[in-house]
Each structure stands twice: as structure tokens, then as C-alpha cells.
Amino acid sequence: MVALAPAEVASRVGAKIGSLPPDEANFWSGVLARNGISSDTLRFPAVSLDSAGNPIPVMSTDPAMWLLLQQQDAAQESELLRPFLLPYPVGLFIDGVGLAVANDAYASPQVWDMFAHDLYHSPRVVWGREVNVLLAALATRNRPGAVDSIRRAVARSGLQYAELWSYRFDGGALRAVRYGSSSDVQLWTLTDLAVQYLLNARRPTQ
């Protein structure tokens, strides 16, 4: 697990924003100014360990599968879920797009460069499968607010049935776009239908 105090979160996110092109930096600075940084310690599972056994502090959607396959106590569930709901560039949630598959803001510039050359696994991509894994996990929990927020963001992208999608900046605005090599014909695309069934089945009847 990675644990970062609020001052460290602010420092690392600020450094990441400062490394971006001006239009992107201005946009994410605005998001950060509107949402601020929580006064609580930020905790999330590292994406991996390096060769020395130290955690690589990249936030990712991997814990969605943990939430789906194993029940946690209330405290651990909230801790695992929190990064999904925190707005990027602090967390993974991007309004109008969905959940970034990773957030490398807390890692070193060397890791940023690696992601810049591997956009498929980077903060510039949303994987439909990962969104559906998390929604399936939330369908077994009493988290209607989280479900609705994520579904609205993904629906606004217009790409919720795609394998994966990305975003670009036009005139200072962020717009969801189809990822270059993505396909709508993928087995896991059908998980969206299963998740819709689960969520609808658990809604109270009027």
C-alpha cells in the first residue's frame, strides 16, 4: 500500500501538472482548484514492486477486481473505493470520460516517460472492462451514489460500449475520443450488458 500525506499529494500532483503541455496543465489545474485536496492521508495499492521490492506508486483500476471477488470490512472497502471517486489528477475519476486506467502523478518522472510511450496502459485511457468490473462490484454493495456518478461520466463519453477510449483537449475543453486501435467487437464488451442487468435487478421497484 502507498500512503501519502496531503502535502505530499499536493507536491507530486503539482509536479505532474507542471510537466504537461500548457492546455492540459491549465485544464487540470482548474480541476484541482475546484476540488482541492483532502486533508486525509491518501492510500492506494501500488501497481507493482520494483526490482528492490519497493512499491511503485501508480494508482490503477486493478483494485476493482479485488472489490468484486472479495468482501472487505467497511473501512477497507472505503479505502479501496476512494481513488476511483477522487477527481483526476488526484484520483482516477474524469468527468465526462470515466475512470482513467492509471494515475502516475505520484511516481517518478521516469515512470511518466514510460507511460508516455505506452498510452494503452496510461492515464490517457479508459478501459470499458475495468469500468464494468467496478460497477459489478458496486452492484453487490450499497453504493448508489458511486454507481450513478461513474455511469453518468461514462455515458457522457458516448463510448461506453467500446473496448477502450481516450480524451483530447480542444480549445481548453476535454473531449472523449475513440482510442486509435480499439474495437467494439470484444468479448468483454458484453460485460456491460451483464452489469446493466445486475444494477437494474437491484433497483427497488416502484
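**Close-up views of a predicted model**

**View 1. Leu69 and a nonpolar surface patch.** Leu69 counts as exposed because its relative accessibility is 68% (exposed is over 50% relative accessible area, buried under 20%, partly exposed in between; 1.4 Å probe, protein chains only). Leu69 sits in helix α3, residues 63–69. Helices are DSSP runs of H or I with at least four residues, strands are E runs of at least two, and both are numbered from the N terminus. Met65, Leu68 and Leu69 make up a nonpolar patch with about 290 Å² of accessible area together. Such patches take residues with over 30% relative accessible area and no salt bridge, joining nonpolar side chains (Val, Leu, Ile, Met, Phe, Trp, Tyr) within 5 Å and like charges within 9 Å. A salt bridge puts a side-chain nitrogen of Lys or Arg within 4 Å of a carboxyl oxygen of Asp or Glu. Areas are Shrake-Rupley values with a 1.4 Å probe; for residues, only the protein chains shown count as cover.

**View 2. Gly14 in helix α1.** The helix spans residues 6–18. Gly14 is partly exposed, at 35% relative accessible area. Its C-alpha atom is 9.5 Å from that of Ala25, eleven residues apart along the chain.

**View 3. Residue classes lining the largest pocket.** The lining has twelve nonpolar, three polar and five charged residues. α5 (109–116) is one of the elements that supply at least two lining residues; α5 gives the most, four.

**Notes.** The model is predicted: local features need pLDDT of at least 70, side-chain atom pairs 80 or more, while totals for chains, interfaces and linings use all residues. Numbering runs from 1 along each chain as its sequence is written, and side-chain values use heavy atoms, without hydrogens and water.

Definitions and conventions:
Nonpolar A, V, L, I, M, F, W, Y, C, P; charged D, E, K, R; others polar.
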